[in-house]
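Look at the sequence and the structure shown here. The paragraphs below lead through a few places in the chain, one after another.

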Amino acid sequence: MGVINVLDKHVAELIAAGEVVERPASVIKELIENSIDAGAKSITVEIKNGGTTFMRVTDDGCGIYKDDIKIAFLRHATSKVKVENDLESISTLGFRGEALASICAVSRLQLITKNQNEENGTCYVIEGGTEVLFDDAGCPSGTTFIIRDLFYNIPARAKFLKKDISEGNAVSNIIDKTALSHPEISFTYIRDGKQVLKTFGDGKLISVIYSVFGKDFANGLIPVDYQLDAIKVHGYISKPEHTRPNRNMQNFFINGRYIKSRTAMAALEEAFKGSIMVGKLPSCVLNIDLPCDIIDVNVHPSKLEVRFINERPVFDAVYHAVKSSLMKNDKRKSASFKSNIPFDNSNKFNPFHNAPAILNNSESIKHKVHSSAQISDKENKTKKTDDFNPFADISFNNAIDNNDIKTKISNIDIDNVKLADTSNPFEIFTQKAVNNAKKEESFNSKIKNNIGDSTPLKKDFEDFVEVKSDNENIEVIAEDIDITKKEPVLITQNDISIKYIGEVFNTYIIAEKNNKEVLLIDKHAAHERIIYEKLKAEKADSYSQLLLQPITVTLGKSEYDAAINNINMFLDCGFEVEDFGNSSVIVRAAPHYIAAPEISDCIAEMADYIAQGKNDIYTEKMDWFYHNVSCRSAIKAGNRSTPQELIEIVKHLEENPQIRYCPHGRPICIVLTKNEIEKQFGRA
C-alpha cells in the first residue's frame, strides 16, 4: 500500500497557482479585474515579450492600506466576500482571494500602492512566495503591479507557453473584452513599447468598439436598447448585410463580466433568422444587466460561464431586444414604379402611364395572358384628349382573349414616344418594353406569312418567350435558343462518344454517351472538384494575382494569431497575406477566381479553422483550404453558364474518370441507361 504524504506549503502553492495562472493573459485578467473592483477610472497595461518577462498594470483606484498588503497575498484573502450569504449575490469581478497568492508564487512580483487616505505609499517585493522587501515609497493614489519572469521557478510550465506573439495576442484579447465591458474606464495598452489601444472612458460603447475593432466594424452596427421585466439588454448588433462566417465576433457581457453563453447566442441567431443568409452569422456587443441573485458566476475556473436559475427570461430578453432593433432599423423599401415619363409634345398622351402590368407583359412577350379587358365607353368619352390613357380602364379577368390587348397595343403610335433621359432605370425598362412590342408585331407577321411552310423561322429577338396553358399549370420558356435546331455538340474521346444536349434548371448538364446512356451532371459539384484537384496539384501558385486595391480583413484575436503564424499556408493557397496590426491582416494577392467580396470571408474562415485545429498536421489544414476555395470559386447552381463552359466540364470529366464526387462527398454525375428509360415508357 502506498504512503500518503502531506505536501508542504510551497509545493501546494505551486500546484494551486497552476490552476489560476495558465499564461500571462491569466495574470493580466486577474489584475485588471481587481483594478475595476477598486473603482479605477483609468487603467494602463504594459507587456514585453508577450508578458513572459514583463507585465505592468497601473490604476488610479482606491489603493491598498499598508496594513492589508501582506494579508492580501495570503490564499483565500479577499475584501469582497465576508459571510456565506455574500456568495448568493456576487456583484464584483473577483471574489475568490486566490489571484495574488497564485501570481506571486510563480513570478517575481513588485507592488507599489497608496490608499487615498494615507500620506505615503508602500513598496512590496515578493519572489516565488517569499518576501524580499517591504518599505515606504512615494507614489500617487492607486496601485501598480509589476510582474517579471513568469514561471521562472517552474520550467515545466514555462516550456508549454506559446510564442511571444501568441501570448501577446491572448493578452490583447483580454484587454479588448474588458474595455468593451466597461466603456466608462479609460484603458491604455502598451505592447513592446508601442501603444496599441487607447479608450477614452467617456462611457460610450460605440467609441470603445471603434477603438477595438476599427471603423469598418463599428459602421456596420445598429444600436440595441430593450428591457424585459428586470432584465435589460443594450449594446450593438451587426446589420443584416454585415455578417460573418463564424461566431468569433459575438461578445456577450453579463453585469460587466465577459461570458460565453449558449442561451444568449441561440437567442441572437434565432432573432436574425429570415434576415441573413443561411450559413452566415451575426456579430454583436451586447450587455445584459440582471439581478445578481438569479445567476451563479462561480461555475467555471476562468469565470467565463455562468448559470441561470431560469434561462427562458434571458433568452426572451435577448431575442426581443435584437428582433425589435432589426425591425426598427430596417431601411429596405419595397419596389415602386412611380415615374413621370417625358415624351414629345406632338403626342398628346402617355400610353404607359399607370400601366406597369401591361409593361411587364410586353417585356416578357407573353403569347398567352391570363387576363381580360373591360373597357368602359362611357368613361372614355369623358376623358380629355391630353389625358388619354388606353390602359387606364383595363381590368383583368379570365374571360377575354389576348387579341383584345394586341388591338390596344397596335393602336398606339409607338414611334412618336421619345424618352428624354434613359439613365432612369424605369425609363430604360419602359423603352425596352416599347422595343419588344415592335419586335412582337414583326415576329407575329412572319409567323402568319409562314403558315404551312416547312422552312423553320429564324429567331428575331433574344428575349424570353413564354407559353402558358389556360387549363394546366404549364409554362415553357425558350431562352437564347435558335429556332433552327442545331445538332448537339459531339465529344469524342478514344472509343467514347458523347453528345452535349443542354442544361436544365441552370444547374444540371445533360449529355448522351455512346447512344446508350444519359448523363446528368451537377455543374457546381463537377467544377468544384476540378478546381480542387488543380489546387492540390499546383498549390494555387499559378492562380494568384495581385489585387488593384488590397483588402484589409479584421479578425478576432484568436483568428488573427492563427493567421499571422501561418502566412506560408495562405501563400500556398494563392493568398498573399501580411500582418496589418490591431487584429487585422491585409490581403495583397488572391486567386483570380475568387470574387473580391468573398476574399474577406474566405480569409476569416481559414484563420478560424487554424485557430480551432485539434492538431498541427499541415496537409489536413491545406486540404480544408482547397475545399473552401474550390467551393467558393466554382460555378454556382442557378447561375447561367455558356454552352462552351459546360462542354469543357464534360470533357474534363471524361478525361479524368476517377473524378466521381465533389470534395464534400456529393455525387457529380448520375447515369440513366437507355434500358432504364425504356422501362419507364413500357418499351422494355
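**Around E131**

Not counting residues up to four places away in sequence, E131 touches K70, Y124, V125 and I126, where touching, or contact, means heavy atoms within 4.5 Å. This is a predicted model, in which local features need pLDDT of at least 70 and side-chain atom pairs count only at pLDDT 80 or more, while totals for chains, interfaces and linings use all residues. Residues are numbered from 1 along each chain as its sequence is written, and side-chain values use heavy atoms, with hydrogens and water left out.

E131 belongs to strand β5, residues 130-137. Strands (E, at least two residues) and helices (H or I, at least four) are DSSP runs, numbered from the N terminus.

S630, in helix α19 (residues 618-633), is buried because its relative accessibility is 0%. Beyond its neighbours within four places in sequence, S630 contacts E528, I531, Y532, L535 and P663.

Next comes a sheet. Its three strands are ordered β22-β24-β23, with antiparallel pairing, and the sheet is open. The edge strands, β22 (544-554) and β23 (576-581), each pair on one side only. Two strands pair if DSSP finds at least two bridges between them; β22 and β24 (residues 584-591) have seven, in the antiparallel sense. Within this region, T554 stands opposite S584 in β24. Strands of a sheet pair through backbone hydrogen bonds, either parallel or antiparallel.

Finally, consider two helices. Helix α9 (residues 262-272) packs against helix α10 (residues 311-328) at an angle of about 35°, with the axes 8 Å apart. Axes are lines fitted to C-alpha atoms, for helices over the stretch in contact, and angles run from 0 to 180 degrees between N-to-C directions. Among the residues that meet are A264 and L268 in α9, and V314 and F315 in α10.

Key. Buried means under 20% relative accessible area, exposed over 50%, partly exposed in between (1.4 Å probe, protein chains only).
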